[in-house]
Each structure stands twice: as C-alpha cells, then as structure tokens.
Amino acid sequence: MEELTARQVKQQLDSDTDIVLINTLGPDSFRAKRIPGSINIPTGQIQPRAKHVLPDKGQQIVVYCASPDCTASSKAAKKLTQLGYNNVYDFEGGLTGWLKEGFSLTKGNS
C-alpha cells in the first residue's frame, strides 16, 4: 500500500481528483479537528460501514489518523484492502503532518 505526504493529499483535494478522505479516529476526535472534506469512519467500523459508504471498490481512498505514531490509519487501510478496495492510500503524517505543512484543520459537526 502506498503512503502519501501532506502535500500530495492537499494537491489531490485541490484538484479534480475524486478521492474519499477518511479520518479513522473516533467521533469525538473527528469533531474536535479534522482535515477539511474528510469523513469519519473509525477503524473498528470499517468493515460494517465500508460497503454502504464506499460502494465503488475502485474509488481512490485516503485514510489518516492523528500522527505518524498512530496506527489507526494503517489498520484501516489494511482492512479496506482485505475487503477488496484496490486504490487505498495511507496518509501516515495524519493531523500533525497536515499542520506541520501549514495546512488548516476544521472542527465541529459540519
């Protein structure tokens, strides 16, 4: 599975590339701060929710969590791959890597 940098993720979000960006942390962490445009599917909910939220197994999916030390995104990426998704990328830098590059986060329920 390929890993992406914060700049690569930002470029994809700013382009016409159709990606699904998944925050793999819990709902409280997601509401507290997240990368704009991301959706929340905690790692433990990947299997039951994937087929409903991600019907296209060829869709480009980028998963992330809190930091390079957090393993939630790599576990989620592995689960997605095992479920047959074939275009999955792990943004291992997560929220800290995003902020380190100077990109902004959003918060709240929207």
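This is a chat about the fold of a predicted model and a few of its residues.

Trainee: What am I looking at, and how is it numbered?
Mentor: This is a predicted model, with residues numbered from 1 along each chain as its sequence is written. Local features need pLDDT of at least 70, side-chain atom pairs count only at pLDDT 80 or more, totals for chains, interfaces and linings use all residues, and side-chain values use heavy atoms, with hydrogens and water left out.

Trainee: OK, how many helices and strands are there?
Mentor: The protein chain has 5 helices and 5 strands. Helices (H or I, at least four residues) and strands (E, at least two) are DSSP runs, numbered from the N terminus. Along the sequence the pattern goes β-α-β-α-β-α-β-α-β-α.

Trainee: What does the radius of gyration say about the chain?
Mentor: The protein chain has 13 Å, which agrees with the value near 13 Å for a compact globule with 110 residues. That radius is taken over C-alpha atoms, and the globule rule is 2.2 Å times the number of residues to the power 0.38. The C-alpha trace spans about 35 × 30 × 25 Å along its principal axes.

Trainee: And what share of the residues is buried?
Mentor: Buried residues make up 42% of the 110. Buried means under 20% relative accessible area, exposed over 50%, and partly exposed in between, with a 1.4 Å probe and protein chains only.

Trainee: Switching to the sheet: what order do the strands come in?
Mentor: The order is β1-β5-β4-β2-β3, in an open sheet with parallel pairing. Two strands pair if DSSP finds at least two bridges between them.

Trainee: Which strands stand at the edges?
Mentor: β1 (2-3) and β3 do, each with a single partner strand, so one side of each has no neighbour in the sheet.

Trainee: How many bridges join β4 to β5, and how many does β4 make with β2?
Mentor: β4 and β5 run parallel and are joined by 4 bridges, while β2 and β4 pair in the parallel sense over 5 bridges.

Trainee: Is β4 buried or exposed?
Mentor: Buried: 5 of its 5 residues are, so β4 is largely enclosed by the rest of the structure. Both faces are covered, with Gln60, Val62 and Tyr64 on one side and Ile61 and Val63 on the other.

Trainee: Now α1. Which of its residues are buried?
Mentor: In helix α1 (residues 6-14), Ala6, Val9 and Gln12 are buried. Looking down the axis of α1, they fall within an arc of 130°, so they line one face of the helix. The arc is that of the directions from the helix axis to the C-beta atoms.

Trainee: Why would residues with that spacing share a face?
Mentor: An α-helix has 3.6 residues a turn, so residues three or four places apart point the same way.

Trainee: Which residues are exposed on the other side of α1?
Mentor: Gln11 and Asp14.

Trainee: What covers the buried ones?
Mentor: The cover includes β2 (19-23), β4 (60-64), β5 (88-91) and α5 (94-100). α1 lies across β1, β2, β4 and β5, and it runs at about 130° to β2. Axes are lines fitted to C-alpha atoms, for helices over the stretch in contact, and angles run from 0 to 180 degrees between N-to-C directions.

Trainee: Take Gln12. What does it touch?
Mentor: Leaving out residues up to four places away in sequence, Gln12 touches Leu4, Thr17, Ile19, Gln60 and Val62. Contact means heavy atoms within 4.5 Å. Gln12 is buried, with a relative accessible area of 17%.

Trainee: Where does Ser38 lie?
Mentor: Ser38 is in the loop between α2 (27-32) and β3 (39-40). At 9% relative accessibility, Ser38 counts as buried.

Trainee: What does the Ser38 side chain make a polar contact with?
Mentor: The side chain of Tyr64, at 2.9 Å. The side chain of Ser38 also reaches the backbone oxygen of Ile35 at 2.7 Å. A polar contact is a pair of N or O atoms within 3.5 Å; within protein, one must be able to donate a hydrogen and the other to accept it, and residues adjacent in sequence count only if both atoms are side-chain atoms.
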